[in-house]
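This report examines the strand pairing and backbone geometry of one structure. The sequence and coordinates are shown below.

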Amino acid sequence: SGSCRANSIALPAIPARPTAEYSRRPAVVVASMRRAAISSTVWRSAFVGALGLMLLSVDAQALTVINQPWVRPAAAGHSTEAYMNLTSTEGAMLVAARSDSAAAVTLQRPGRGIGTIAGLALPAGTIVELAPGKYRLSLRRVTQRVSLGDIVSLTITVRGADGLAQDIAVSAVARLRSPIDDERRAHRHRH
């Protein structure tokens, strides 16, 4: 009742009784297993120790994770929007974005109107969603047509609580809906 079904399936492959094949050289197998156990313990201890020393010598830096970046298709010279999920481990601020594929990139506030903002807070451990109708990046006057499946390169700048700015390269795929929405639609059609 407390075991995992996947683990239970793999276990019947081991015979309940030792066969002649298993009893040929048991001492060698046991000795090899003991050496492997000792060896892995030594390596594990050495690895943990080295990792601890590295962590002591390196300043901790906030990590910003970008998930599911995408852009809407657009004709050359028109504007489009980029969307993604951002998560910061220590808390940060999205302060800028740029792309060689557009004349300008601005951070837009929620709603349909044009309302740019200077920055967007990324609270520690919280997913901040850039999505249609919510906060989003506007790519003004794209330099060439953005078709379905094209990849648009962006660079976002995040400023950590320590004041240091970090540029993060993002590759956004041109699509009609978010990857999550496409996945949901695919599941609805299969059932």
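## Strands and backbone angles

A103 is located in strand β4 (residues 102-108); strands (E, at least two residues) are DSSP runs, numbered from the N terminus. The model is predicted, so local features need pLDDT of at least 70 and side-chain atom pairs count only at pLDDT 80 or more, whereas totals for chains, interfaces and linings use all residues. Residues are numbered from 1 along each chain as its sequence is written, and side-chain values use heavy atoms, with hydrogens and water left out.

With a relative accessibility of 51%, A103 counts as exposed (exposed is over 50% relative accessible area, buried under 20%, partly exposed in between; 1.4 Å probe, protein chains only). Leaving aside residues up to four places away in sequence, A103 touches R140 and R141, a contact being heavy atoms within 4.5 Å. The C-alpha atoms of A103 and R141 are 5.5 Å apart, although 38 residues separate them along the chain.

R141 belongs to strand β8 (residues 136-142). Most residues other than glycine have a negative phi. Q68 sits in strand β1 (residues 64-71) and is partly exposed, at 31% relative accessible area.

In strand β2 (residues 80-88), eight of the nine residues are buried. Its pairings are tabulated here; two strands pair if DSSP finds at least two bridges between them.

| Strands | Sense | Bridges |
|---|---|---|
| β1 and β2 | antiparallel | six |
| β2 and β8 | antiparallel | three |
| β2 and β7 (residues 127-130) | antiparallel | four |

Among the bridge partners are W70 with Y83 in β2, E81 with S138 in β8, and T87 with I127 in β7.
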